[in-house]
Amino acid sequence: MVKVLFVCMGNICRSPMAEAIFHHMIDQASLSGEITVDSAGTGGWHAGEPAHRRTLAVLQNNGILYNGRARQIERHDLEDFDYVLAMDRDNLSYILRNSSGITAQVGLFLSYAYTRGLIRINEVPDPIYDDKFEQTYELIERGCQALLDHIRLAERV
């Protein structure tokens, strides 16, 4: 079982959106028994809250339902997951400061799509600041497809 964790700051916008989209893609590819996905935030101030209303709306508009609750990343996540993927460099830096001795592959979520030339940026901007939830969805969707392609090849699922 390949385990993927998406991480942003508060776990109410970007990482739950990535979790929901990736989970949907896994289901569409009949890989639910091979890949599992979760999300977390580097901060805990939204712990227990649902995803942001605009995140939920854009997911629903694309036929994806999500009912997860925000949580903060914990040390054991860095040992339990195979891929721990940050939405931006600030969150990546936080994860790396706490990652000594772990086995997970830690990196930027969009690196797979960026390397393949599918996108021109390697960080997911936080839509909470600019209200660009639809553009965030499109960017994360491309990132999730590139990640799924990578996992299928690298992990042979």
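User: Which residues does R54 touch, not counting residues up to four places away in sequence?

Analyst: R54 touches D131, F133 and E134. Contact means heavy atoms within 4.5 Å. This is a predicted model: local features need pLDDT of at least 70, side-chain atom pairs count only at pLDDT 80 or more, and totals for chains, interfaces and linings use all residues. Residues are numbered from 1 along each chain as its sequence is written, and side-chain values use heavy atoms, with hydrogens and water left out.

User: Where is R54, and how far is its C-alpha atom from that of F133?

Analyst: R54 sits in helix α2, residues 53–61. Helices (H or I, at least four residues) and strands (E, at least two) are DSSP runs, numbered from the N terminus.

User: What makes the R54 and D131 pair a polar contact?

Analyst: The side chains of R54 and D131 are joined at 3.1 Å. A polar contact is a pair of N or O atoms within 3.5 Å; within protein, one must be able to donate a hydrogen and the other to accept it, and residues adjacent in sequence count only if both atoms are side-chain atoms. The value of 3.1 Å therefore falls within the 3.5 Å limit.

User: Why is the pair of R54 and E134 called a salt bridge?

Analyst: The closest N and O atoms of R54 and E134 are 3.6 Å apart. A salt bridge needs a side-chain nitrogen of Lys or Arg within 4 Å of a carboxyl oxygen of Asp or Glu. So 3.6 Å qualifies. R54 lies in helix α2 and E134 in helix α7 (residues 133–154), so the pair ties together parts 80 residues apart in sequence.

User: Why is E134 called partly exposed?

Analyst: E134 has a relative accessible area of 34%. Buried means under 20%, exposed over 50%, partly exposed in between (1.4 Å probe, protein chains only). So 34% makes E134 partly exposed.

User: Which residues form salt bridges with R71?

Analyst: D38 does, with the closest N and O atoms 3.1 Å apart. D77 also meets R71 in a salt bridge, at 2.9 Å, N to O.

User: Is D77 buried or exposed?

Analyst: D77 has a relative accessible area of 2%, so D77 is buried.
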